[in-house]
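Here is a short briefing to read alongside the model. Please keep the structure open as you go, and follow the topics in order.

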Amino acid sequence: SLKKYGVMYIEQLLNADMTKVLELKRIHQYEIPKHNTTWYIDLSNKIEQNWEYIKNSSNANPINRLTLINKFSNLKGKIITTDHAHGPIMGKITRELKSHDQTVVMRHMIQETTEQETFSPLKACEGCPLQESLPTLDTKTKGSNTKYCAITADVTKVSYLPTRNSRVSIGNPEDKRIKTRIVISPRSLRHYHENNPKPIIKKQFKHNIDNHTFSKKIIDTDTQTLEMLEEYTRKLQRSKQIIAYTDGSLITDVSSNSSTIELKKQRMGFGAICLVENLNLGRIEWKGKVEGPPSSTRAELWAILSVLWVIPNKTAIKIITDSESSIKAIKGYTDERKGKHWSNYSNPLILQTIKELIYTKEIDLELEKIKAHQGDYNNERADELAKLGSNSGSIFSINPKYLREQQFRHKWNDNNIDVSIKELIKKKEKLNQPFPEVWQQSKITDNKTSTRDNSLRSFSIKLLNEELPTMKVLHTRKPEIYKDKKCPFCNIYDETNTHVFMCKDTPNTLKNTFCYILKKVYTQETGKKINPNMLQKIYRSHFLQEDIGRQIRDTLSVDRFAYNDLVKGLIPRSIYNIVKNHTNKAAITKMVILKTFYKWKEILRSTWIIRCKEFLKWEISNEINEIKKKSKGKRPFDDLEYLELKKQLVQWGKKISIE
């Protein structure tokens, strides 16, 4: 029954100092009970019998019925209250606030009174000592010359006052006029003001990065390309009006075999051309390659971003592109009145960088749409550059730590997510979970356990979630001991959970071992030898092929199941289909797969133990002992430039103190 009154806590039924239970009609300001309320009387008696369990030590009700106003909402006609030297005062707002207003002017309201009693209806005060030297507010009633007193208050210290419009009058039942009535007592009002919630102060996350540093370091690429683009910027210094053509390209590489067409890889590139009038510069053009979620719009946005990054400050530029989606995305993202949250955009990092570059460099940007492949030479040339860029070695990326206005960023597995968070959640394959089966031999709720099963389960979970103590993890924990993330045995790739089983000749040994296990289990379960064609098909399958590129970059949604995923303990669907085609029985196939992968995890764990022993020898050779490893180091700071500068300052401080 209390649900319709908006009651969730017992404290909502009590007054401000928790000395009595409120009447039911004072709980909710919009609905007055019309039916039998004996149940509420019984509830009130029950509460009074248990005061010692309900009242707290401060005797203050934690449910404060006053809420601070939001000056950007519709306030005209609202009844408000604020604290004053003479006690709480009430008033009515007669006009909407503007964005720059710091004070609110309200018509002073008081309660109706008689000689003996004060009642709940509110009326306008016609003059009192609290009136300030402001123009009095005229009434709108025709034929009336009454003027009301006005009082100002700090907009940050004003709260909504709970009221109700009602005809019911206890003091004067014959009065049927609709009146605004206060639903809390003056005593509770004073008590609420004494415990009024403080205004929420939003923390400013804007990074203290100067314009020069931001413009120089927000985008990263190879040194040769950086030097070339810096030279272009110097050449464009004297030009204040530029026309640019941009284009992006998404290319899908496919490879075919005798039975299927297999998707291998998608690559993105962009091209840009700058044309400068009245200067002998001719045309300036460049290209580049980008990574991330494959999308033609992403490549188009990168082309526009590269132009804004290269041109000098305070430049008027017209960018001509054949991508309508890019134009709409930039206009929508930079126009804050659109109301769409930044995290709902695709490519939010690129759009945020474009926005900050426009404001930081004071660029006068004009975007123009052109039809693609209609014979325009510059547009066709930009398209050609974009296709060449997808194969170039100049990979462009954004340094998110130099973004100054974005309060937070979405990450998954320590990688920035540059897609719409809603789309990311809908498509779980983009969360690097494209594969269905992760299996343990025993249930975690089993009463019977063993050390062997527990160790294997712990290893499997850590392997899947990048929690094994590899060089990548150790460098993050103790960068002063483990200087980098490189594998100490091959010194080529970062040592991750996957790389441990892909280093040097380890993959060949493990692949042969996997096939041997499958062959042995198949014979045990079916009672017959494995078919040579089946074994050959498994040897050639994609889940035994190494994806070397994924040791450098993260897994993408278009990546196929590879050996990289097999060593994490994941089970591909294709191996089930291959075995099922030869057994023709689902139960036997399932048993073959489960037993094979249980033994496979044991082999992975044995390989990991051997690697740990080799790693301990490497630590000894590099004088990394137990004392160093157990020492409590400070949490590593991401900004290495800051740490180096701090180190120099400490050294200079010591020299000054000695001198």
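A residue counts as buried when its relative accessible area is under 20%, as exposed when that area is over 50%, and as partly exposed in between, with a 1.4 Å probe and protein chains only. This is a predicted model, in which local features need pLDDT of at least 70 and side-chain atom pairs count only at pLDDT 80 or more, while totals for chains, interfaces and linings use all residues. Residues are numbered from 1 along each chain as its sequence is written, and side-chain values use heavy atoms, with hydrogens and water left out.

**Overview**

- The protein has 659 residues, and 41% of them count as buried.
- Its secondary structure comes to 19 helices and 22 strands; helices (H or I, at least four residues) and strands (E, at least two) are DSSP runs, numbered from the N terminus.
- Among contacts with a separation of 6 or more, 65% are between residues 24 or more positions apart, where contact means heavy atoms within 4.5 Å.

**A buried threonine**

- Thr 225 is found in helix H5 (residues 223-235).
- With a relative accessible area of 6%, Thr 225 is buried.
- Leaving aside neighbours within four places in sequence, Thr 225 is in contact with Ser 394 and Phe 396.

**Strands around S4**

- Two strands pair if DSSP finds at least two bridges between them.
- Strand S3 (residues 89-93) runs antiparallel to strand S4 (residues 103-113), and four bridges join them; here Met 90 stands opposite Met 109.
- S4 is also joined to strand S8 (residues 150-154) by five bridges, again antiparallel, with Val 104 opposite Ala 153 in S8.
- Strand S5 (residues 118-124) pairs with S4 in the antiparallel sense over four bridges, and Thr 113 stands opposite Thr 118 in S5.

**Helix packing: how to read it**

- Two packed helices are described by the angle between their axes and the distance between the axes.
- Axes are lines fitted to C-alpha atoms, for helices over the stretch in contact, and angles run from 0 to 180 degrees between N-to-C directions.
- Angles under 35 degrees count as roughly parallel, over 145 as roughly antiparallel, 65 to 115 as roughly perpendicular and the rest as oblique.
- A crossing is right-handed if the near helix is turned clockwise from the far one by less than a right angle, and left-handed if anticlockwise.
- For residue classes, Ala, Val, Leu, Ile, Met, Phe, Trp, Tyr, Cys and Pro count as nonpolar, Asp, Glu, Lys and Arg as charged, and the others, Gly among them, as polar.

**H16 with H17**

- Helix H16 (residues 573-583) and helix H17 (residues 586-621) have axes that come within 9 Å and cross at roughly 135°, which makes H16 oblique to H17.
- Their crossing is right-handed.
- Ile 575, Tyr 576, Val 579, Lys 580 and Thr 583 in H16 meet H17 residues including Ala 586, Ile 588, Val 592 and Phe 597.
- The residues of the contact of H16 with H17 are eight nonpolar, two polar and two charged.

**H13 with H14**

- Helix H13 (residues 506-526) packs against helix H14 (residues 532-540) at an angle of about 150°, with the axes 11 Å apart, so H13 is roughly antiparallel to H14.
- The crossing of H13 and H14 is right-handed.
- Asn 512, Cys 515, Leu 518, Lys 519 and Tyr 522 of H13 make the contact with Met 534, Leu 535, Ile 538 and Tyr 539 of H14.
- By class, the contact of H13 with H14 has seven nonpolar, one polar and one charged residues.
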